[in-house]
Amino acid sequence: MTSIPAIPGMCSQALHTDDAAEAFRQAIVRTVHGAFNLAAEPFVDAPTLAEMFDARTIPTPGWPVRAAVSAAWSTHLLRTPPSLFDSARWS
């Protein structure tokens, strides 16, 4: 069975490509101004992902994951800065 780490506070927003395409289409055919947040509530967290993928969650502390991301970033093994992990964790 697939496992998904359940890091306290970790969540994200999701957006389907069809919804993004429709938003771009609407922006072309209508007069619109300003910034848009196309992702909808609710936030996606580990239990939601586990349900979607018929998986189980495994409680995982955030600090070792943050440390691994930071080390990988520092050694140029990962192109994603640790701040992105932080923003997903506290969204």
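Is Gly9 buried, partly exposed or exposed? At 39% relative accessibility, Gly9 counts as partly exposed.

**Figure 1. The whole chain, a predicted model.** Residues are numbered from 1 along each chain as its sequence is written. In this predicted model, local features need pLDDT of at least 70, side-chain atom pairs count only at pLDDT 80 or more, and totals for chains, interfaces and linings use all residues, while side-chain values use heavy atoms, with hydrogens and water left out. The chain has 4 helices and 4 strands. Helices (H or I, at least four residues) and strands (E, at least two) are DSSP runs, numbered from the N terminus. Along the sequence the pattern reads β-β-α-β-α-β-α-α. The radius of gyration of the chain is 17 Å, well over the 12 Å that the globule rule gives for 91 residues, so the chain is more spread out than a compact globule. That radius is taken over C-alpha atoms, and the globule rule is 2.2 Å times the number of residues to the power 0.38. The C-alpha atoms fill a box of roughly 45 × 35 × 20 Å along the principal axes. Buried residues make up 18% of the 91 residues. Buried means under 20% relative accessible area, exposed over 50%, and partly exposed in between (1.4 Å probe, protein chains only). Of the contacts with a separation of 6 or more, 72% join residues 24 or more positions apart. Contact means heavy atoms within 4.5 Å.

Figure 2. Ile4 is buried, with a relative accessible area of 12%. Leaving out residues up to four places away in sequence, Ile4 touches Ala46, Leu49, Ala50, Phe53, Ala55, Arg56, Thr57 and Ile58. Val65 is 61 residues from Ile4 along the chain, and their C-alpha atoms are separated by 13 Å. Gly9 and Asp45 are 36 residues apart in sequence and 8.4 Å apart in space, C-alpha to C-alpha.

Figure 3. Most residues other than glycine have a negative phi. Asp54 lies in the loop between α2 (46–52) and β4 (56–59). At 60% relative accessibility, Asp54 counts as exposed. His76 is exposed, with a relative accessible area of 71%.

**Figure 4. The pairing of helices α3 and α4.** The axes of α3 (residues 62–74) and α4 (residues 82–89) come within 8 Å and cross at roughly 155°. That makes α3 roughly antiparallel to α4. Angles over 145 degrees count as roughly antiparallel, under 35 as roughly parallel, 65 to 115 as roughly perpendicular and the rest as oblique. Axes are lines fitted to C-alpha atoms, for helices over the stretch in contact, and angles run from 0 to 180 degrees between N-to-C directions. Gly62, Val65, Arg66, Val69, Ser70 and Trp73 in α3 meet Pro82, Phe85, Asp86 and Arg89 in α4. By class, this contact has 5 nonpolar, 2 polar and 3 charged residues. Ala, Val, Leu, Ile, Met, Phe, Trp, Tyr, Cys and Pro count as nonpolar, Asp, Glu, Lys and Arg as charged, and the others, Gly among them, as polar.

**Figure 5. The buried residues of α4.** Pro82, Phe85 and Arg89 are buried in α4. They cover an arc of only 55° around the axis, which puts them on the same side of α4. The arc is that of the directions from the helix axis to the C-beta atoms. What covers these buried residues includes α3.

**Figure 6. Trp73 and its contacts.** Trp73 is in helix α3. At 36% relative accessibility, Trp73 counts as partly exposed. Not counting residues up to four places away in sequence, Trp73 touches Leu78, Arg79, Thr80, Pro81 and Pro82.
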